[in-house]
Each structure stands twice: as structure tokens, then as C-alpha cells.
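Please look over the sequence and the model shown here before reading on. The report that follows takes up selected strands, helices and single residues in turn.

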Amino acid sequence: KGFEKLKNKYLSLLNLSLRHRVISLIIVGVIFLASLSLIPVIGTEFMPKTESPSVILKIKTPVGTSLEETNMIAKYLEESFSEIEDVEKIMVLVGASEGRGGSSDVSPEGSNEAVVFLSLSDDNERKLPYDEILRSIREKLPDLQNVEFNFVDMTSSMMGGSSTPIEIKIFGDDQNELKSIAANIENRISLIDGIQDVNNSVKEGKPEIHLKIDKEKSFQYGLTTGQIGSAIETATIGSVVGVFREKGEETDIRVRLKEEQRNSLDDIKRLSIASPLGFSLPLNQIANEKLAEGHQKIIRERQTRKATITADIEGKDLGKKVAEVKGEISDIISNLPSGYYIEFGGTYKDMNESFRDLIYALIMAIILVFAIMASQFESLTQPFVVMFTLPLAFIGVILMFFVTNTTLSVASFVGIIMLAGIVVNNGIVLIDHTNQLRKSGIEKHKALIQAGGDRMRPIFITALTTIAGMLPMAISQSRGSELKSPMALTVIGGLITATFFTLVIIPVIYSIVDHISYKTGKKMEGKIIEKID
């Protein structure tokens, strides 16, 4: 009885829509445009953030900081983080060591760097969500001058993407110019709300002492630059002069000065250099020293020097944050020196490339669906009518994203591609039955009304079973549900609006297209008769 009442109300609405076809289309058009206006609010991201089982924190102290000082900071953080309830295990790496593998993102690269790995309790045992745990960790970070704390997100990189949401690459030839541009960009974007963990790859240089050889004096004493350099190297680093063998083991014999004789700049300046002329002289008689700064690392990409600024974002909307960053540094980009240019990489680049590929896949899906329907209907106009279910479904997708605070990501985009093959089914059922009724001699308007009434129940059943099948995936709270839920929500939202509008608007569009086809056919027929006459 309830269904019959619903059916009667639907038939009244369908009859009203068919009698006021233009108004019906205008109303749906307004709803569609209104839903499009919500797209900027929804936001975009590469992949939904997942509940990670661990947190990785990288510590960078000023260049030249001793291993002991860096270790003291790491130990303090280790003790502080152990007080957080959901942190189960802590591992710390301090300083670089030869032969240590792994990505530079998660490996310290000098005595001034350390990495803290925090293993969290299982999802079902956690007292706080992942974002709250991360906030608790941030609150325990000490305010130390010139010490950087950067969180490393390995989730995106393990899924084939970048480990940082925002990555600004600056290309050019001069390392000092790159350093200046990178510092300017770093200062600018650090002031933007929601931008955090800003990191600059052009690090503070290592302090060095440069010795400039007086070539005229050294030539007078019979010395070359190579001989002087070799003498300094032997005295400080040492030179291998032989091999000590014992029980099959071989050990290099290295000759150099005692530590107390090479421990300061004055010791090096007093270093005795043997001349081929048969006498020795101190190094400071033929060389002048100068304090300087040496580059820790020179990074190249496509055979060009590169500086990189990376940053994380607070919240989901990666596209909006990158737009803010681009606006903030637009004057820097437009006034770059000749031969210098900037590219945006990171997760933002991965997102754009994935969206582009998925758009191609969606277009191909629409073409294939249209081709199959055209071959079955033996018509081009009727498949065209059925394809209107796609924008009608898109209304529900956007509204579902808005209500559930879901972003447009790779996962939800896959759901949109799935919709291209699902939502047309109800339209096919409705149009096919209408054609059958018209072939039996029923007038078009009555055929559309009867087809709607006859096919309302199977269309509802088809939609409800699909929605019910997707519901467990949509509301799941298990690990990895963040990646599956957007896909299910996309299909559910699209089916809800597509089902309703298929029953009401598709008959209206069918009626309009059929009327236009009939008028066009009559005109063509008239022209043919005129030519024959």
C-alpha cells in the first residue's frame, strides 16, 4: 500500500514534468549549477590521509653541532614522547654512518641530524585519533633556536606518490643564487596559515678553512701546489704507505701526525713542508688561510642544479593550499633571473597527473558505454538521452562530498568512473520499455507515463541493492577504510540523485529529443518531396 501511494505521487510528478518540460529542465539545470558551486568548498587531494601505524620525526640542529649535543636533544624527545599513551615503541638514529642504506628522508645525514621513529598502538586500541596524537607530539617539541623538527609522511610514497604534499623545485646554475631564492620562498610560505614543517634542501654550509697558496713564493722554494696539498693531506687525514698482514688478515698502514699536533688551525699553519731543495719551512710562509662556507650537498635534476622547498599542510584541501602558495610567491616567480625557473612537484604533481589520467579513463568509459547503447538501440539520439543520467548523478556526488566532508581524490575519482557504467542502467530500462510500448501503438506521452509506473519498482530495487552493497564499505572504520570509503560514498551519492532524476527528467528529455527528431524528419521529408516534384 505504501509503495502504491509513492507510485501515484511519482506518476503525478512525472505527468506534471512532461506538461512543463522547459521549466523542469530549468529547475534541474539550476540544481546542477548550484552543485557545481560547491566544488571549491569540497577541495582536492591525491589520496585520503590514513591512520598511519607510525610517526617519523627528523631533527636538524645547526651545522657543526657535535654528535653528543644532537644525541642530548634526541634523548630528551625520546623521554618526552614515551609519556604519550598511544606511543608503544621508540627508535632513534643519531648522526650519519658509512654504508647506511635507505632514503635520505628517513636517514640522518650528519652529526647534526637525528631521526625518531614512533610506533603507535593498533587502530582499535588507540585512545586518540592519529591527528590528535600528532598534535600531542608537536606540543612536546621544545622551542630551540635554529633547530628544525620535520615530520616525514611515508604513506603517500609507499603508494607510489611523493612523501611531501608541497614541493617547490627551483632550477638554476649558481648555487648561491638558488640559496637566496629558496630562503625567500621559505620565509614567505612559512607565514601562510595551514602550512607546516617547511624544509629547505639548500642547507647552511659547512664551515671550512680555505688555504690560498702563494705560487711565487712556493716556486722559489721549489714547491708545487700539488706537493703542498699532498703534505697537508698526509699530516691531517694520513696516507696509506703499506699493508700489515697477520693470519690472513690485511690492515692498511696509515701515516699521519699525532692528534695533538693537528688539532687546531695554528697546528696546521705551523705544519712543516719539506722542499725538494733540501730544507723545510712552515706552511704559513707560503699560504694564507680564509674562513669560508662549503656546500653540504649539490642536488641536480635533468643535469641542472636544484634547490627544493618542501612543506606539509594542515587539513585535506591540497589544491587550495597550493593555490595560496602560488599566489604568495607569484612575484618571485615572475621576477626570477634569466636561466632560473620553478616547478611544483610532490603530492600536488602526483595528484594532477593522476587526475589527468583518470579524466582520460572517464572519457573512454563514456565513449564505450555510448557505443554499446547505440549498437543495441540502433539509434544515436536515444543513447544521448540516457547519457544525461551522468550529470544528474554528478549532483549527488558533489552533495555527498559536501555533507560527509569528503575530498575529490584518486579513490573518489575511481568511484565516478564506476558510476559511468552503473547509473545508465536504469535509464536503459526506462527508455527500452517506452520504445516497446510505443511500438504496440501507445501514444508517446502515455507511453512515458506507463513506462515510468511499470519500471519504478525494478529501478528502485536495482538502486537500493547497489547502495546497500556499498554501505558497509562507506561506513567502515577498519584500517585502510579511508581509501575505500570515498569510492563507496561517490557511488551512493550518485545513485541517489540519478535514480530520482532518471524517473522524472529522462522521460522529459526523451520527449523533447523525440519531438525535435520528428520535426527535423518532417522538414527533411518535405525538402525531398519538393525536389521530386
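## A two-residue hairpin

In the hairpin formed by E8 and E9, where 2 residues lie between the strands, Lys247 adopts a positive phi near 55°. Strand E8 (residues 239-246) and strand E9 (residues 249-255) are paired in the antiparallel sense over 7 bridges, and Val240 has Arg254 as its bridge partner in E9. Strands (E, at least two residues) and helices (H or I, at least four) are DSSP runs numbered from the N terminus, and two strands pair if DSSP finds at least two bridges between them.

## Basis of the model

The model is predicted, so that local features need pLDDT of at least 70 and side-chain atom pairs count only at pLDDT 80 or more, while totals for chains, interfaces and linings use all residues. Residues are numbered from 1 along each chain as its sequence is written, and side-chain values use heavy atoms, with hydrogens and water left out.

Four strands form an open sheet in the order E2-E3-E1-E4, with antiparallel pairing. Strand E2 (87-94) and strand E4 (148-152) are at the edges with a single partner strand each, so one side of each has no neighbour in the sheet. From one strand to the next the twist averages 20°. Strand E1 (residues 54-60) pairs with E4 in the antiparallel sense over 5 bridges, and Ile59 stands opposite Phe149 in E4. In a regular strand, side chains alternate between the two faces of the sheet.

Two helices lie across these strands. Helix H4 (residues 67-81) lies across E1, E2, strand E3 (113-120) and E4, and runs at about 175° to E2, whereas helix H5 (residues 130-139) lies across E1, E3 and E4, and runs at about 25° to E1. Such angles run from 0 to 180 degrees between N-to-C directions, with axes being lines fitted to C-alpha atoms, for helices over the stretch in contact.

## Packing of H13 and H16

The axes of helix H13 (residues 346-377) and helix H16 (residues 410-422) come within 9 Å and cross at roughly 5°. H13 is therefore roughly parallel to H16, a term used for angles under 35 degrees. Contact means heavy atoms within 4.5 Å; the residues making it include Phe355, Leu358 and Leu362 of H13 and Phe413, Ile416 and Ile417 of H16. By class, this contact has 13 nonpolar, 2 polar and no charged residues, where Ala, Val, Leu, Ile, Met, Phe, Trp, Tyr, Cys and Pro count as nonpolar, Asp, Glu, Lys and Arg as charged, and the others, Gly among them, as polar.

Thr499 is found in helix H19 (residues 481-532) and is buried, with a relative accessible area of 7%; buried means under 20%, exposed over 50% and partly exposed in between, using a 1.4 Å probe and protein chains only. A polar atom of the Thr499 side chain lies 2.6 Å from the backbone oxygen of Leu495. Leaving aside neighbours within four places in sequence, Thr499 is in contact with Asn426, Ile459, Phe460 and Ala463.

Asn426 lies in helix H17 (residues 424-439) and is buried at a relative accessible area of 5%. With neighbours within four places in sequence again left aside, Asn426 is in contact with Ile459, Thr462, Ala463, Thr499 and Thr502.

## Gly315 in a loop

Gly315 is found in the loop between strand E14 (304-313) and helix H11 (318-328), and counts as partly exposed at 37% relative accessibility. The C-alpha atoms of Gly315 and Ile195, which are 120 residues apart along the chain, are separated by 9.6 Å.

Methods: Angles under 35 degrees count as roughly parallel, over 145 as roughly antiparallel, 65 to 115 as roughly perpendicular and the rest as oblique. A polar contact is a pair of N or O atoms within 3.5 Å; within protein, one must be able to donate a hydrogen and the other to accept it, and residues adjacent in sequence count only if both atoms are side-chain atoms.
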